[in-house]
Amino acid sequence: MKPVYLFPIFLIATGVAVAQSPAAASSDESKPAAPPMARSFDLTAIDKTADPCANFYQYACGNWVKANPIPSDQVRWARSFSVLGERNRYLLWQELDAAAKDPKTPLQKKYGDFYAACMNTDLIQKEGLEPIKPALDRIAALQDTKSLATLVGGLAEHGDPAPLFRFGVQIDEKDASKQIASVGQAGLSLPDRDYYISDAKRFETIRQQYRQHVTKMFTLAGDTPEQAAKEADAVLKIETALAKASTSRTAMRDPENRYHIYTLADFQKIAPDFDFDIYFKDVQVRPFETLNVSTPDFFKEMNELVGSEPVENWKSYLRWQTIHASAISLPKAFYDENFAFFGKTLAGQKEPTPRWKECTSETDRALGEAVGQDWVREHFPPKAKASMDQLVAALEKSLGDDIKTLPWMSDETKKAAEEKLAMIRNKIGYPEKWRNYTALAVKRDDPIGNMHRNAVFQRNYNLNKLGKPVDEKEWGMTPPTVNAYYNSSMNDINFPAGILQPPFFDPDIDPAVNFGGIGVVIGHEMTHGFDDEGSKYDGKGNLREWQTADDRKRFVERTDCEVKEYGGFEAAPAHGDVPAATLNGKLTLGENTADNGGLRIAYLALLDVLAKEGKSIDDKIDGYTEEQRYFLGFAQVWCQNQTEESARQSALVDPHSPGRWRVNGSVQNFDQFGKAFGCRKGQPMFPENSCRVW
Ligand SMILES: [Zn+2]
């Protein structure tokens, strides 16, 4: 489980709801070809027929968007994240492929075997459902709902997916020096609770399609169509009840809504029909007396369900979860059906992800810090780290300057903000010490067994933290990842080696473009420490108010301005009887605040650097001033195409706005943009009134 809330700059849109993505089952795919390098700055992307003051995204990205349709195995294609991500994955694949054929070290043997097992579709085809038979047998043997905890605990113990709820160890939100046990809501298969609850026609249709999908999967598993349909009804019934009991994504963004400390005895009182003691023993967690019950109402409702749903329905639900979660390692008919619903229907993906891509990502998820060691040796020069250190220092200084001159904040709160800023720790490239994978046994001829052993290994790693000091050196992303994050409980910013390349960062290009790229990313992550969510934590990572009451009031007035502004942006157009989808201004507030702050402070940092180098922001390259190149470099990070299905899904589940609004929303809130492009006050990108938090 991922109890810690990380704030990445980008959410990878996939065609499936869970980590187990669909994959092609053919084993004779041609050898992958090297994808091109992403370009740092692209004059050919610019649509000169567009007016930058009316729609800057169209101006900066218009021609790129036209010339770069979504590849058939993707649901979103972004100029930066996707192009670079595909390249990093290809380089990682080269390493895995070589290790699978001719490993040079024990670690290479381990990840090579893991990858090879995942790729062995002939074996997967031959084994059929055999690898998940022990779990299915255990589920079939369930006698009554009193034994549900024993069953769920037993499944978890063996690494079979244990649905219903999440359990793990997290940093205590109010005492960030401690690590505590935590349980939270889970148990759904569709991307969000709204899919089960909304009475909009679109969701009714999706639910019908989902019911058909579950029915087909049960039929493939050997049930008669009548039995399968009945089981699908039970799955829908239980998942819908769990969805209704779940707290919404937007509400979960408020840390107080997910922090409820219970004694173990009191927790048992809200869910007396599910014996958590048995479950805790099965997953072999050290004894503890208190825990965080992030969403108590969910567990009350889950307990009701245990009492009210017949045992046969529970068996159907658990059986479904087992088959569904194993889809990537089941025979081709299961893949294809899984892809048809989660890839094609839900996200608009045309073709399944090639197997080699899927297995590369799967190995990166399981053994990321093993593969990553070799990856950074090859692809992350020490020079890149030194440049990043300088950039981060420049951004820290400009955020400090920005805080000092903020028009709405009292001196008292400014002092507290500066203290928090000074305490942010920076992690760049890759971990100082690598994780130890000795305890993970990998077998070349057992793909599902590897998944199960990996699940147990990852859980033990997490549960072993209980009661121990927080490891400040730990990373939440693997080195080749094209992303970055802020962690509010650790008050640190993290930039994996994978993102420190073009188009984000290019040692050979003018500083304006680099500040518009990686500079804004750094500024974005730092600003997360001060957005509506991050600002509730102090420099030590404790959930504690450090703003005065008046300043908090003014802060909320400012964030409300952004909620309203972004809530008016369209995420997908209306057509036929399907209404347009708009952004959820509350769900995306933290990311929008971070985008706005990032753009402003990277700009300030650029001014400093240019001044030091004796250059002017008005110097021209390729017909654009440095100032204009800064905004173009920023905007071109966000050029993207996305299927309509995926855009609608993102509008519900992704806290990030789509590329168009990350660009236009940010520049229209920053007057320097309108000035740089000679816009008239009152034009869309240079409005009379705009929002500003930081
Ligand atoms: Zn972010």
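Mentor: Two strands pair if DSSP finds at least two bridges between them. Helices (H or I, at least four residues) and strands (E, at least two) are DSSP runs, numbered from the N terminus. The model is predicted, so local features need pLDDT of at least 70 and side-chain atom pairs pLDDT 80 or more, while totals for chains, interfaces and linings use all residues. Residues are numbered from 1 along each chain as its sequence is written, and side-chain values use heavy atoms, without hydrogens and water.

Trainee: Which strands stand at the edges of the open sheet?

Mentor: The sheet has four strands in mixed pairing, in the order E3-E4-E6-E5. An edge strand has a single partner, so one side of it is left without a neighbour in the sheet. That applies to E3 (165-172) and E5 (261-263).

Trainee: In E4, which residue is the bridge partner of Val169?

Mentor: E3 pairs with E4 (residues 175-185) in the antiparallel sense, over eight bridges. In E4, the partner of Val169 is Ala181.

Trainee: Is H3 roughly parallel or roughly antiparallel to H16?

Mentor: H3 (residues 106-119) and H16 (residues 355-379) pack at about 165°, with axes 9 Å apart. Axes are lines fitted to C-alpha atoms over the stretch in contact, and angles run from 0 to 180 degrees between N-to-C directions. Under 35 degrees counts as roughly parallel, over 145 as roughly antiparallel, 65 to 115 as roughly perpendicular and the rest as oblique. H3 is therefore, relative to H16, roughly antiparallel.

Trainee: Which residue of H3 that meets H16 is a Phe?

Mentor: Contact means heavy atoms within 4.5 Å. Residues of H3 that meet H16 include Leu107, Tyr111 and Phe114.
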